[in-house]
Structures are given as structure tokens and as C-alpha cells.
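Visitor: Could you show me how to read the way helices pack? I'm new to this.

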Amino acid sequence: MDTVDKIEEYLQSLEEYFFSSLSAATTDLPNIHEAVNRLWLDISRYGPGMPSFPEVHLPALGDFQVPPPPPLLPPVELSLVEKSVDWAKKHPWIIGSVAVGVVGTGLWAGYGTLRTRRKNHHRVKSQSNERRQVVVVLGGDAPLALPLILDLEAKGFIVIASVSTPEAVSALEQQSHGYVRALVLDPNEPATISVFLRSLASTLSRKFPLSSSGDPFASPASHPYIQSVICLLTLPTPTPSIHAPLEHISLRNTYLPFLSATHITPLQILQAMMPLLRTGPARARDKGKKSIIVCLPAIDAHVGLPFASMQAMSAAGTLRGIEVLRREINLASLTDQTESMKNIKVVVADVGLLDVGIYSSVRPQDNIYKPMEDWSTSEKLAYGPAFVSISHTTRPLPSRWGAFTAIFKNKGLYGVARAPSNTRIFVDNIISVVTGGRHNPYFFGLGTIIGQTKNWLRGERFSIGAGGKPPENLPPPVRPAPAAALDIDEENHDHSEASSEADVESNASDGVSGSWVSVQERTTLWIVPDEQDTKRLKTIMRTRQGERHNFPSSYPTFQPHVTLASFPSTSTPPTSDIRAAIDSALGQSRGNLPIKFKSVDIGTHFYRSVYIAITLTPELLALHGNVHAKLGIEPKTPAYPHVSLCYIDDADAAERERFLEELKKEGKIKYDGGNESVSLRCGEGEDWVWLREFRAREIWVAKCDGPVESWTVLDKIPIA
């Protein structure tokens, strides 16, 4: 151990000696480096120049010379297609396996589909034309109903529509292709509800189309089932609603019938429909959800205008009832084990202004005061100025440029009328709800996806048409007119009903006793027959011409016609505008405007003493509405459509019955089909025919000023 310790001690002392010697030798090394550098600089600067060394050229290797390598090229960026091709070249086995798999899958799917088609060929062939889905349209004679019904039929549905009169049944079914059934339901007559429901149950067991031969009833396995219910009874009707302060409205005699027609009757029908919607074949769920669609007037449902309390209260009550029904169905679907409630969707459509040609938002200035005729004197004084101030309207402008310039020409803030939307928008939106958005599978089914997405985004309440989303605050009214301008008399101020009715034909005095006709000139549009039918009808009109000397104020001579429209001569549009409006309103009805005689009736006014009541066909209804809409005038044609046979003064009212009795006594009236139509024996001597209709060939623009026989024709517009 001592020897080892001594060795370690010796090595340690040797290491210390080495480091101390090295440190002593390197202390001056930096100075040596500096001296050498300084010496080199001095020699280079002051010493002799350095000799230049000769260039040394090495001989080439000749054939054994190796050229230098070329410079590297920058990397080229490949496109996606080139990368894919390159990858496919490097992995051919993977590409081949994928191709074989795709082809094999396609062949297997195609073979399976072909085998399924062959297996079910007989069943598919027998059911290819079978329709089972039924859409019930409440209010089939509403202005918006006809295009909706025809489009539903074209989409493959059976349509059962309610109409208010028996005459409208045949008019609607004749325009269909056998898959539309019209049933009578008058919303103003609650007694027709039970009849409608019984007829509906019977119709659901019928075979469609209605013209099919054999047993008219279908087998129980192929009975139609209700897919959707569309309620149009809650929309405004052609009959004008009451515009009056709530103080004036009789809740028992006026509001209750209106509420029954627009609120109670639709809800009663929906109550009866609910069990039918819950039941149905199991495969009906594959056709999408069943739906209840209630259409409400947007303004009345959202805001409620002054002096329109009846419409607003009815719409608000219906809306709240439908919302409660939706919540009840949604809540019941959470606990319903049959899942029938999950398959029902309740939708509310707020309908704004649509171009149906029936209603016009324009209230002519001379007609603003007509709704106030039945108001009491105190009501006129209290509410009259306010009613007139909000009744200001603007005539629709013919073009967008006209609408733009009207902003600067009109001193009012609201001088541009709202343009109505196309009816096609309403039809497409409603059908989209009925079909669940699957009615238009264009572009490999992409249309179905878009339609379903639109339905999902739209939700359970949406708006259709111009003004479908009205503002929460109404625009300020114009400055009220002074009370004197309202022609309000402190005493009893009665207006003759005959005066307002007579304005339709002429407001000019024609010497009739009683002077109940106003002196204002009017221009009217007449639908007239051709020359031959005119001569035939005039033989009927001359039935008691021999008695004219006994009644100087009666039996004037005039052209037989159907009054289409009437407006003051001071605001008569230019003839070119009238022609353009008629051409646009006729549409497809040009050359096909039948005037069918329905009955011969006795009236209570001079211009409707004895007249032929005309069947209101869809063509006449559309023409009437469209002309008024295009010209921007309010419809004011009582008993439309009719053809007057004579004008008899009120003082000679008994002569009206004598005129009709003489027609019957001479055998010139014959009713056909159980009072559904009437024929008139027209002609003289042996040259006579039974005339029960005529084809309209022209529309005349007539100026009704002064006595009847002095009326003049301003223009004749051919329509055939």
C-alpha cells in the first residue's frame, strides 16, 4: 500500500510541474505573434519586391479527358393530374384492383336492380297510374285556388276542393282531368259542414279518375288517403269586408257571421280532418309528412289596420288557434308510440299582395265616402277625417321608370304603389310544403335536396307575396281633410241605395223621374255579342215596345251588353291603356269567352229592371278581376255578370213583372237542366232559334252621359 501511495504522489507532482512549465513558456507567445506580423508588414512595405512565379500549365489528357458534369436543373413543379398519372405508373396493381372492384360493384348493383324490376314488373305495371294521395283544398272557388288545384293535379295528387255554390262544382271539375272532385261547402251556412264531411268520406272510397269505367268505388286496399289539407277560407273573399270603426260594427249581426265563415268553419273542418290525418297506410310515411297549411292575410295577421277590426280579429284568432294546434301535435309526438303524430306538420302561410286580378288596393277618391254612408252622424264627425286620411291610395304605375319618377313628382311620402307578386310564387311555395320539397327532382336529384333545405330554413310559418312581412309600425297618415270636405250633415243624411247602384251604368241624368241619378259622367266597358246575336236579343228586348208611349221614362233603346267595368269620365284612362289592359287580362281566354244564360230575373233598379243572369265562368271572373287590377280601379259592378233586357223607371216598377210574364206567356223562356240554364226564343216569324249563350266578339268603350239613347261608343276592341 505504501508503494502505491508513493507512485500516485509522484504522478501528481509530475503533473503539477508540467502545467507550471507550460504556463511559464506561453506567457510571451502573444508578443511573439505580434512581432512576426509587424516584421512581415515592414518587409512587404519597404523591402524589395517578391519575384513572380511562372504559370504552370498541365498538359491535357486527350481521350482520357473527363468533361465536367452539367449544372443541376431546377426542380419542375408537377400538376395534380401529372402527379396522379405518375403515381398510377408506380402502383399499377393498386389501380387495377380498384378498377376491378368498381366494375364488379356496378355489375352487381345493376343485376340486382334488373332482377328486382323483373320480379315486381306485374305489380308496378298495375299500379303505375294509381293515385292515392289526396289534397283537400278548402275554398276551391277562391281566386288563388284554381291554379293551385290544377298544379296539384299535374303533380300526381287527387284534389278534393270545397266550393260555396253548386254551380261552381261543374265549372271546376270541367277544367280538370278527372282527378279533381268538388264538394259544396258554404262557409256562411254551418249546416253544410256535415254534408261536406259525409261527401268527403264517400269520395275517399271512390275510384279515380272520375271518368273511369266499371265499379266507381275502389277496393279497400287501394282507398285514397289524405296527405294534406290547405285552407283558403281564411283569406279575403270577393265580397268586400266591413270597413268601419269597431264602435259601429254590430258584433251579433255583422261580426258573428263573418267570424263563423272565416274562423269557426275552417277550424271545424280541421277538427274533423285530424283523425283522417292520423290514420292511413303504413307506406304513406314514405311519401313524406302530412301537412295542414292555413293561409292568412299577412296584414291582418301581423298588424291589424284601423277600421278593419273584423278581419284583424278573425285572422288573429285563427292564427293563435293554429299555433296551439301545432304545439299540441309536437308535444303529443314525444309520447305517441304509433308515431302517427310525428308525421303531421302544421304550417301557416302569410299571404301578401298577389296578382290575381280580383282585389285592388286602390280606392278611388270619389268612392272613399261610400263605406261611411251607414255611419251615424257622431261617428262621421269623430272618425270620418281619420278614415279619409288613411284611405289615400295610389294608382299602380305602368313601369319601373314611372315608379321612380313618381317619387319626385308626388309630394307624399308613400306615392308608389306596391307591385303584386306573381301567383306562381304562391303555388310553388304551397306545393313545396305539400311534397316536402320533393316535387322537382332536377339535376340528378339536386332539386329535391334544395327543396328540402328551403322547407327546413322556412320553418313552420313563412310569407308569400308582396307585403308578406309588413312593418310593425304603420306609416303615418296623410293630413286629415277638414270636416267640411267630408260632406257631413248635422241632420239625417241618407243616401239612396239606388244612387250608388245606378253609378255602374251611368251617373248621368236621363230624364227619369225622381232624379235619383247623379250628374257625373261615367265611362263603361261592355262585353257585346256579334251582330247576329245582337239582332236576336233585340227581338226579346222589343217585347213591350208598343207600350212605350204609356211609359215615357221607360223602355229606351240600347245595345245588349255585359257591363265589365265602370269609372268616372274625368279619370278615364287613355284608350291605349284600356286596350293594353284588356289584351293583358284576356290571356288564354281570347276567342273563348262564352256568355251562358243562367236565368231571367227581375231587378229593383232602373238599369236592372229585367235582366239575364249570366253564369260566372272562371274566364269571366278572371277577366273582370284582371281588367280592374290593370286599370287600377275598384270593382263596382253589381250583379256581375248580367245582360239587361229593358230599363224601366221606378215609377213604373209594376211594368217589370208584366215584361217577364209576357215573355213566359209567349213561350220565349225555357229552362234547361233543372233551372241550371235558360234558353230564349229569339227571332220573328218562322226565323227563330233557341239562344242560351253567345260568344263575346268585342269589348266596347262607351261614354254614358245624358239619356240612355244618347250614349256614345268611343272604341271597339276585338277579343276574338
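Guide: Take α18 and α19, which are oblique to each other, a label for angles that are not under 35 degrees (roughly parallel), over 145 (roughly antiparallel) or 65 to 115 (roughly perpendicular). This is a predicted model, where local features need pLDDT of at least 70 and side-chain atom pairs count only at pLDDT 80 or more, while totals for chains, interfaces and linings use all residues. Residues are numbered from 1 along each chain as its sequence is written, and side-chain values use heavy atoms, without hydrogens and water.

Visitor: At what angle do the axes of α18 and α19 cross?

Guide: Two packed helices are described by the angle between their axes and the distance between the axes. Here, helix α18 (residues 575-586) and helix α19 (residues 618-631) cross at roughly 140 degrees, and their axes come within 9 Å. Angles run from 0 to 180 degrees between N-to-C directions.

Visitor: Which residues of α18 and α19 make the contact?

Guide: Contact means heavy atoms within 4.5 Å. Among them are Ile578 and Ile582 of α18, plus Leu623 and Val627 of α19. The contact residues divide into 8 nonpolar, 2 polar and 2 charged.

Visitor: And how are α8 and α9 placed?

Guide: Helix α8 (residues 192-203) and helix α9 (residues 251-278) pack at about 30 degrees, axes 11 Å apart, so α8 and α9 are roughly parallel. Phe196 and Leu200 in α8 are among the residues that meet α9, whose side includes Ile269 and Met273.

Definitions and conventions
Helices (H or I, at least four residues) and strands (E, at least two) are DSSP runs, numbered from the N terminus. Ala, Val, Leu, Ile, Met, Phe, Trp, Tyr, Cys and Pro count as nonpolar, Asp, Glu, Lys and Arg as charged, and the others, Gly among them, as polar.
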